[in-house]
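Here's a walk through one protein model, from the overall fold down to a few side chains. Have a look at the structure first, then read on.

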Amino acid sequence: MAKNNPDTEKESLYANLEKMSTEEILMGINAEDKKVSSVIKKQIPNIEKLVDAIVVKMQHGGRLFYIGAGTSGRIGILDASECPPTFGVPHDLVIGIIAGGDYAIRKAVENAEDDFNQAWEDLKKHNITSADFVIGIAASGNTPYVIGGLKMARENNINTGSISCNSNSLISQEADFPIEIVVGPEFLTGSTRMKAGTSQKLVLNMISTSVMIKLGKVYGNKMVDMQLSNKKLVQRGVEMIVEELKIDEKLAAELLNKHKSVRAVLLAENNVCYTSLDGGNIFGEVALPFGENIELSCIAYGNGTFIVI
């Protein structure tokens, strides 16, 4: 049962906001935001279990879905949309779905979150299977769209997780790996786009980044698979190559222009291929019997396989 007085709807600790000075408003918001990271820290053991379960699925070709409504749905879409440029993964590997469809990203779609059956219909459009993983996101933890999606996912043998900001929420009951980030009442009563939304974004940052690291999409602390979509990122790629290969910037830029990605440069110039057939780090070295004059391209996949061309 949903709680009669959920944490996200409790009265703000601050009164008469309209009588506050600008500084008082900002200081109050900041004071509430400071509480978020300590609450998340207590949930790290649960987040760890969720991450490890997702990694297993994705190592075997599975995908990760986020479902949510309103702010929660938008935050899920934001995190999903940042995975391809950051980690060089396909756009259909991490997928964000919002109640009301893409139109709802910018404008509210009335009653969309109240449709218990629609999330499953939305998931089916992506041919979801038991190989995939679904995370439901809802600050209240009681959104019908999310509850229904998680319930149907479990009934179809799909592993589920949840992120809510209330204790004993309904979506937690439909999740194999529930996470409850109880950050308390908002500065502006009930405005869960604030502290609750911040906590959800931080947790999704942790999940997607940890998953991609475990899948070998990072080398050292560098985004070697990032998409080189603008001058800033190209320069960042050049600097990574300079640091790793101990060469000058001009040569690094030439190599990056030739191989089109930081990973490809490191693979070619080090004359090794990096893989994780056993689920380990893709950058574990595997020597290849190629001479120095042979160009090497190695395309690595999150499931631990690789192709040498």
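## Ground rules

This is a predicted model, so local features need pLDDT of at least 70 and side-chain atom pairs count only at pLDDT 80 or more, while totals for chains, interfaces and linings use all residues. Residues are numbered from 1 along each chain as its sequence is written, and side-chain values use heavy atoms, with hydrogens and water left out.

## Overall make-up

The protein chain has 11 helices and 9 strands; these are DSSP runs, numbered from the N terminus, with helices (H or I) of at least four residues and strands (E) of at least two. Of its 309 residues, 46% count as buried. Here buried means under 20% relative accessible area, exposed means over 50%, and partly exposed is in between (1.4 Å probe, protein chains only).

As for contacts (heavy atoms within 4.5 Å), take those in the protein chain with a separation of 6 or more: residues 24 or more positions apart account for 64% of them.

## The nonpolar cores

A nonpolar core is a set of buried Ala, Val, Leu, Ile, Met, Phe, Trp, Tyr and Cys residues joined through side-chain atoms within 4.5 Å. The largest one holds 33 residues, and Ile54, Ile135 and Ile207 touch the most other members. Two or more residues each come from helices H1 (22-42), H2 (44-59), H3 (70-87) and H8 (195-214), and from strands E1 (64-68) and E3 (133-137). H2 gives the largest share, 7 residues.

So who does Ile54 touch, leaving aside neighbours within four places in sequence? Its contacts are Leu64, Phe133, Ile135, Ile207 and Val211. Apart from this core there's another, of 20 residues, and Ile67, Trp120, Ala153 and Ile158 are among them.

## H1 against H2

H1 and H2 pack with their axes 5 Å apart, at an angle of about 60 degrees. Axes are lines fitted to C-alpha atoms, for helices over the stretch in contact, and angles run from 0 to 180 degrees between N-to-C directions. That makes the two helices oblique to each other: angles under 35 degrees count as roughly parallel, over 145 as roughly antiparallel, 65 to 115 as roughly perpendicular, and the rest as oblique.

On the H1 side the contact uses Ile40, Lys41 and Lys42, and on the H2 side Ile44, Pro45 and Ile47.

## Aromatic pairs

Rings of Phe, Tyr and Trp (its six-membered ring) pair if their centres lie within 6.5 Å; planes under 30 degrees apart count as stacked, over 60 as edge-to-face and the rest as tilted. The count comes to 2 aromatic pairs. In one, Tyr14 and Phe187 have ring centres 4.9 Å apart and planes at 50 degrees, so the pair is tilted. Tyr14 sits in the segment before H1 and Phe187 in the loop between strand E5 (177-180) and H8, so this pair ties together parts 173 residues apart in sequence. Tyr14 is partly exposed at 23% relative accessible area, whereas Phe187 is buried at 4%.

Phe133 and Phe177 also make a tilted pair, with centres 6.1 Å apart and planes at 35 degrees. This one links Phe133 in strand E3 to Phe177 in strand E5, 44 residues apart. Phe133 is buried at 0% relative accessibility, while Phe177 is partly exposed at 23%.

## A serine in H8

Ser208 belongs to helix H8 and is buried, with a relative accessible area of 6%. Not counting residues up to four places away in sequence, Ser208 touches Tyr66, Asp79 and Cys83.
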